Amino acid sequence: MSLKNDDYFFISSISEVSKTNWNKCSGLDHPFTRYEFLHALEKSNSVSIKTGWQPHHYIEKNKKNDIIAICPLYIKNHSFGEYIFDHAWADAYHRNGLNYYPKLQSAIPFTPVTGNRLLISNKIKNKKYKTNSIIKNILEEVKRLKVSSLHFNFVPKTYCNLNLMTRQGIQYHWKNENYNSFDDFLQNLSSRKRKAIKKERKSIADSNLSIKLFSGDEIKIEHINFFYDCYLNTTEKKWGSTYLTKNFFIELLENFSEKILFIIAFNNYEMVAAAINFISSTHLYGRLWGSKYNIPFLHFELCYYQAIEYALKNHINKVEAGAQGEHKISRGYLPSFVYSLHWFSNTSFRNAISDYLDKEEKVIDKEYNILMETSPFKKS
């Protein structure tokens with residue numbers, strides 16, 4: 001525990017507070033801000049000083065010594081695993097003889113999913129005032145640490161009203177418009193797109209593969225072992241770096257399985273591909289997938305179509321299938337805006353980046369409109 005100052009302080013490990021006290025602020029619904037998820041990242045050494053994610057979480061207590069507000073924070077010495085790309089800003093700093101790293105980051109490591117970052121107890125009635133107070137306190141910590149900047153990644157649109165610079169981006173999400181079934185969803189697509197999806201799904205149905213879903217106590221260690229082999233296979237081919245350790249997934253299996261959905265493809269009794277999802281009352285979050293070998297359309301089946309079917313069956317409003325990927329549009333995942341917040345200690349760079357973000361927003365708005373023109377849904 002460090003820098004105790006009145007009623008707030010910063011901790012170097014989430015284990016310095018109890019699961020109960022953390023979750024009283026985060027709530028139990030959103031999986032990625034819960035203690036169990038963030039603790040698994042730290043305990044497994046997926047998140048640590050060595051990996052460039054040094055925990056520096058904000059904790060605030062009231063006069064009764066109850067925790068009333070938290071904010072997951074990390075001191076970063078790189079920009080990997082964030083999905084809000086600021087490498088150009090770092091290069092500009094370095095070209096001008098300034099250090100961009102370390103920076104202070106509020107994010108869920110390796111997880112491009114929107115959610116609250118300023119987690120306030122329900123005991124607090126005036127949450128708007130408390131939010132502004134937390135931001136002020138964290139900015140004071142930015143100055144004390146002498147880091148270059150403060151960033152909040154993947155925040156709700158309401159956060160854009162805070163006195164920080166807003167950056168806009170695009171992801172692709174599927175929305176449940178009260179469809180009765182997958183076929184009902186398909187009927188809302190254009191004939192060409194509907195036929196393409198049916199063709200892709202038929203290819204999987206004809207390939208001697210079976211798809212099974214596992215959640216909660218149904219998930220076994222053999223599923224984790226297989227999935228992690230797939231994860232390693234995917235990262236080696238696609239990214240060249242593996243952020244998450246196997247122990248991270250084992251920790252989730254032991255303490256968080258009720259929030260996990262595995263979708264696994266079998267060839268007879270042999271597992272050949274798997275996708276991991278996380279569940280809230282309103283969202284299904286597709287996170288990672290991998291396959292032992294290439295099977296045409298299997299990625300779409302496991303990550304998109306099975307996710308839609310699960311959402312329909314369980315009355316879930318949205319499926320978020322991760323960052324990027326315009327190919328998702330033709331499968332019913334439409335462009336959606338995502339937001340991040342930024343503050344810079346250097347006034348000159350603060351002004352320059354503010355101007356850049358204003359111009360970038362116009363480009364993103366234009367891109368959004370162009371992407372929406374490619375929607376697979378029938379024109380009303």
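**View 1. Pro102 is found in the loop that links helix 3 to strand 7 (103-106).** In this predicted model, the peptide bond leading from Tyr101 into Pro102 is cis. Its omega is near 5°.

**View 2. Helix 3 packs against helix 10.** On the helix 3 side you will find Trp89, Ala92 and Tyr93, which meet Phe349, Ile353, Tyr356 and Leu357 of helix 10. Sorted by class, this contact has seven nonpolar residues, with no polar and no charged ones.

**View 3. Helix 9 is largely enclosed by the rest of the structure, because 13 of its 16 residues are buried.** The helix covers residues 298-313 and reaches 21 Å from first C-alpha to last, close to the expected 22 Å. Look for Gln306, where helix 9 bends by about 30°. Just after the helix comes His315, with a positive phi of about 55°.

**View 4. Phe297 sits in the loop between strand 14 (283-291) and helix 9.** Here is a residue other than glycine with a positive phi, near 75°. Phe297 has a relative accessible area of 32%, so it counts as partly exposed.

**View 5. Asn45 lies in the loop between helix 2 (35-43) and strand 3 (53-55).** Asn45 is not a glycine, yet its phi is positive, at about 65°.

Terms used: Residues numbered from 1 in each chain as written. Predicted model: local features only at pLDDT ≥ 70, side-chain atom pairs only at ≥ 80, totals over all residues. Heavy atoms only, no water. Helix = DSSP H or I, 4+ residues; strand = E, 2+ residues; numbered from the N terminus. Expected span 1.5 Å × (residues − 1). Bend = angle between axes of the 7 residues up to and from the residue. Buried < 20%, exposed > 50% of the residue type's maximum accessible area, 1.4 Å probe, protein only. Axes fitted to C-alpha atoms, helices over the stretch in contact; angles between N-to-C directions. Contact = heavy atoms within 4.5 Å. Nonpolar A, V, L, I, M, F, W, Y, C, P; charged D, E, K, R; others polar.
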